[in-house]
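The sequence and the structure are shown first.

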Amino acid sequence: MDKFDLSFYKDKKVFVTGHTGFKGSWLCKMLANAGAIVTGYSLNPPTNPSLFKIAGIEQDVHSVIGDIRDYKALKAAFDEAQPEIVLHLAAQPIVRDSYKDPAYTYETNVMGTVNILECVRNSGCVKSFLNVTTDKVYLNKEWAWGYRENEELDGYDPYSNSKSCSELVTHSYKNSFFADGHVAISTARAGNVIGGGDFANDRIIPDCIRAAMKHEDIVVRNPFSTRPYQHVLEPLYAYLMIAAMQYEDGKYAGYYNVGPDDVDCFQTSALVDLFVSKWGDGMKWVDRYDGGPHEANFLKLDCSKLKATFGWKPHWNLDTAIEMVVEWSKCWAEGGDVRACMDREIAAFLQSENV
């Protein structure tokens, strides 16, 4: 396959959970630009400021504010939307927050998945369902090679483990209720994403941007952890491709890793060095290892399956990704038109040659 064309989504009815979040906002912009009819269901934006608000994403979608744990409210929004395609992103996504409130994390990430799958099961309109999980679903053995889709699932912390459970729930529903293929069901396990408009706590690039805005040193709490970093548009494009391809042909339904090539598995310190060089203004960072709760030191994905199945390759390397983050963040900081900046970025991504 050469390049997947997002025009597939023109006039398609798409239901997105978690649409007010960072990834959800970029996803809604991509879908709206492609001409999709999008209904979003989510809590209010999780941060202030939020990309959803400052980019006016509400004008691109029918936005329903609700809790994924509330099946009755979710089903009402779902039944009104009558979607053909469902993209499930709603989650409590922060590892450290999962230690503070594990019950809420499990309720959201596990029962939220049950609830959206119940909506799919009890509808007659859905043809394609994609559950977005994480690279952290795997039992992490801290080994040097990437995890493949058939490796054991057993996340360590409550966030990672709840997403492993979300995978298992999806597998069970797929086998129990959709074995005849009338709905194509997949999960996508993505590595760490970076991009303009991420204002989350406890994420390295947002921490860098906050420090840059205040003209302070960047505090790095774990400079030696290694992660597969990718621009947010990379996994979103892959999600849209998987959901569309399995919509057309159920043989594409399955479980997919979505991550960068090995060259973009960076130690946190190297990532921050790259950010500092792109931002300029004499920025620097300091090492403040704080012990903190357990987090994996080394984790990467083997994305051979996605490449072999769809001919997929990353569009941007990490150098370009950081450049785009800095460009978007400076546009926002200087009071520029962030919607136009998003549109330019999406267009540049879709037109770029694979790296």
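In this predicted model, D11 lies in the segment that comes before β1, and D11 has a positive phi of about 70° although it is not a glycine. A second residue of this kind is H215, whose phi is also positive, at about 55°, without the residue being a glycine. H215 has its place in the loop between α7 (204-214) and β8 (218-220), and because its relative accessibility is 68%, above the 50% cut-off, H215 counts as exposed. A further backbone feature is the peptide bond from N48 to P49, which is cis, with omega near 5°; P49 is found in the loop that links β2 and α2 (51-54). As background to these cases, most residues other than glycine have a negative phi, and most peptide bonds are trans.

| Site | Angle | Location |
|---|---|---|
| D11 | phi of about 70° | segment before β1 |
| H215 | phi of about 55° | loop between α7 and β8 |
| N48 to P49 | omega near 5° | P49 in the loop between β2 and α2 |

The next topic is the sheet. Seven strands form an open sheet in the order β3-β2-β1-β4-β5-β6-β10, with parallel pairing. Its edge strands are β3 (62-65) and β10, each of which pairs on one side only, and the twist from one strand to the next averages 15°. Helix α1 (residues 22-33) lies across β1 (13-17), β2 (37-42), β4 (85-88), β5 (128-132) and β6, and α1 runs at about 170° to β1.

How many bridges join strand β6 (residues 184-190) and β10? The two strands pair in the parallel sense over four bridges; within this pairing, T187 stands opposite Y255 in β10, and A188 stands opposite Y256 in β10. In a regular strand the side chains alternate between the two faces of the sheet.

A buried glutamine comes next. Q246 has its place in helix α8 (residues 233-248), and because its relative accessibility is 2%, under the 20% cut-off, Q246 counts as buried. Leaving aside residues up to four places away in sequence, Q246 touches S128, F129, L130, A184, I185, S186, Y252 and A253.

The last topic is a helix pair. Helix α9 (residues 268-279) and helix α11 (residues 318-333) pack with their axes 10 Å apart and at an angle of about 50°, which means that α9 is oblique to α11. The crossing by which α9 passes α11 is right-handed. On the side of α9 the contact is made by L271, L274, F275, K278 and W279, while α11 contributes L318, D319, I322, E323, V326, S329 and K330. By class, the residues of this contact of α9 with α11 divide into seven nonpolar, one polar and four charged.

How values were computed: Residues numbered from 1 in each chain as written. Predicted model: local features only at pLDDT ≥ 70, side-chain atom pairs only at ≥ 80, totals over all residues. Heavy atoms only, no water. Axes fitted to C-alpha atoms, helices over the stretch in contact; angles between N-to-C directions. Parallel < 35°, antiparallel > 145°, perpendicular 65-115°, else oblique. Left-handed = near helix turned anticlockwise from the far one by under 90°. Contact = heavy atoms within 4.5 Å. Nonpolar A, V, L, I, M, F, W, Y, C, P; charged D, E, K, R; others polar. Buried < 20%, exposed > 50% of the residue type's maximum accessible area, 1.4 Å probe, protein only. Pairing = 2+ DSSP bridges.
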